[in-house]
Amino acid sequence: MEETMIVQPVRLHELIQDKLIQAGLKEEHADTVAEHLVFADACGIHSHGAVRVDYYAERIAKGGVTTDPQITFERTGASTGIVHGDNGVGQYVALRALEYAIDQAKESGAAIVGVKRISHCGALSYYVKRAAEENLIAISMCQSDPMVVPFGGSENYFGTNPIAFAAPREYGAPVVFDMATTVQAWGKILDARSKNQDIPDTWAVDVNGQPTTNPHEVNGLLPMAGPKGFGLMMMVDVLSGILLGLPFGKNVSSMYNDLTEKRNLGQLFILIDPRRFTDLPSFKHSIETMIGELHDIAPAAGFKQVYYPGETNQVKYDQYMAEGIPVAKRVLDYLESTTIHFDQYGETGSFATK
Ligand code: NAI
C-alpha cells in the first residue's frame, strides 16, 4: 500500500496553486484548478486529484495549454450555446462554460452548452454538483484519449469518455453520479503495475486484443458492460466531439503524446430547470424519498448497506474536508519541492507509464 499523508484542504490548495503558477498558469486559473483537484481528492477520486499536478505542470510549461486564453461565448439559440475555450486549462474554461450554462438554464428552462477546444477538464462531478447546488439537474460528458478497444475489436478507438449526473435534493448535498465508460480507469492499471499485481481479465486487452491479467501487457481498456458501454462512449463522442466539429474517435489527441500541442477536446453540459416540469420542493422531496427507500433496502450478503449512486464519494468528501485529505507521500514531496515538473510524460505514446 502506498504511503499517504493527511493534508488539510487549504494547504493542499496552496501547494497545487503555487506549483501551477510556477509552471506558467495565471493565478486565477491556477486557483480554479487547485480547487477542482482538492475537490477530487476529497471525494476519494485520487486518480483525478493532486496526482495530476506534475502532468499539468509539464504540459503548461511546454506550451500545450494556452495560459492566456481568449474564451468566447456564442449563444446559438434560446437554450443552446458554444463556449470557445482557446485550449485554456480545462478546469478554468469548463467552469466559465458551466456558469454561462447555469445562467442560460435559469433564464430559458434548459441549457445545452458545448465547450470547444479545452485541455483535460478533470472529474466531471465537480461541475454537475455545482449546477445542482443551483437547483438544476445537470449532465456532463467529455472526450478523452483513445485508449479503449471497441466491443469485439483489437485496436483502440474511443476514450474512457465519462458521464456525470447530478440532481438537487431536499436535505444535504446533491446526488452526484460520475463514471468513466470503461470497466476500470487507466489509473487502476498503473496501480497494479506498480505493485506487480495481476488484474482481472475483464479490465483490459493486450496488443492482440486478447484479455490479459498482466498489467504490463495492457494495450487497451475494455468498455464497461461490453456493447452497452461501447455504445455509451460513442454517444459521448458524438455529443461532445462530432456535434462541436472536433476530432473524434481515434483522432482525439492523446494526453501523453506531445505535450507541446494543444488538445482541442470537447465537453458538453445539459442543464434542466426542474421548475419547468414540476414544483421544485416536490422534486427535491421525491429525490430524498428515493434515497431513504434505497437506504432501507436490506443489504446483500457481504455488504454493510445500500449507498445511493455516488454516495460513497460524498461520504469521503464530508470526512476528508473536516479531517484532512490523504495524499500519496510521493505527490506531497513533489508539491513541497522546488521541482516544477519531472519531464516524464511527453512522447510516452497513448499510455503514461507512471
Ligand atoms: P468509479 O468507478 O470510482 O465510480 C463510478 C461511480 O460509482 C461514482 O459515482 C461512485 O460514487 C459510484 N459508486 C462506486 N461504488 C459505489 C457503491 N458501493 N455504491 C454506490 N455508488 C458507488 O469512477 P471512475 O469510472 O473510475 O471515474 C473516476 C473519475 O474519472 C470520474 O470523476 C470521471 O469524471 C473521471 N474521468 C475523467 C476523464 C476526463 O477525461 N476528464 C476521463 C475518464 C474519467
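This is a predicted model: local features need pLDDT of at least 70, side-chain atom pairs count only at pLDDT 80 or more; totals for chains, interfaces and linings use all residues.
Residues are numbered from 1 along each chain as its sequence is written, and side-chain values use heavy atoms, with hydrogens and water left out.

**Stop 1: α6.** Select residues 186-195 and show the side chains of Trp186, Ile189, Leu190, Ala192 and Arg193, the buried residues of this helix. (Buried means under 20% relative accessible area with a 1.4 Å probe, protein chains only; helices are DSSP runs of H or I, at least four residues, and strands runs of E, at least two, numbered from the N terminus.) They sit on the same side of α6, because they cover an arc of only 160 degrees around the axis, taken from the directions from the helix axis to the C-beta atoms.

Stop 2: Next, pick 72-77 and 80-84, strands β2 and β3, which run antiparallel and are joined by 5 bridges. (Strands pair if DSSP finds at least two bridges between them.) Thr72 has His84 in β3 as its bridge partner, and 2 residues make the hairpin link from β2 to β3.

**Stop 3: the second largest pocket.** Its volume is about 180 Å³. Select the lining: Pro9, His13, Glu35, Val38, Phe39, Tyr126, Lys129, Arg130, Glu133, Tyr317 and Met321. Color by element and you'll find α1 (9-23), α2 (27-42), α5 (125-132) and α9 (311-323) each giving two or more residues. By class, the lining has 6 nonpolar, 1 polar and 4 charged residues.

(Pockets and cavities come from a 1 Å grid over the protein atoms alone: in a cavity a 1.4 Å probe fits but cannot get out, a pocket is an open set with protein on both sides within 12 Å along at least five of seven lines, and lining residues have an atom within 4 Å of a point. Volume is the space filled by probe spheres set on the points, which are joined across faces, edges and corners. Ala, Val, Leu, Ile, Met, Phe, Trp, Tyr, Cys and Pro count as nonpolar, Asp, Glu, Lys and Arg as charged, the others as polar.)

**Stop 4: the cavity.** Select Tyr55, Tyr56, Arg59, Ile60, Val65, Val89, Gly90, Ser119 and His120 to see its lining. Helix α3 (residues 53-61) gives the largest share, 4 residues.

Terms used
Buried means under 20% relative accessible area, exposed over 50%, partly exposed in between (1.4 Å probe, protein chains only).
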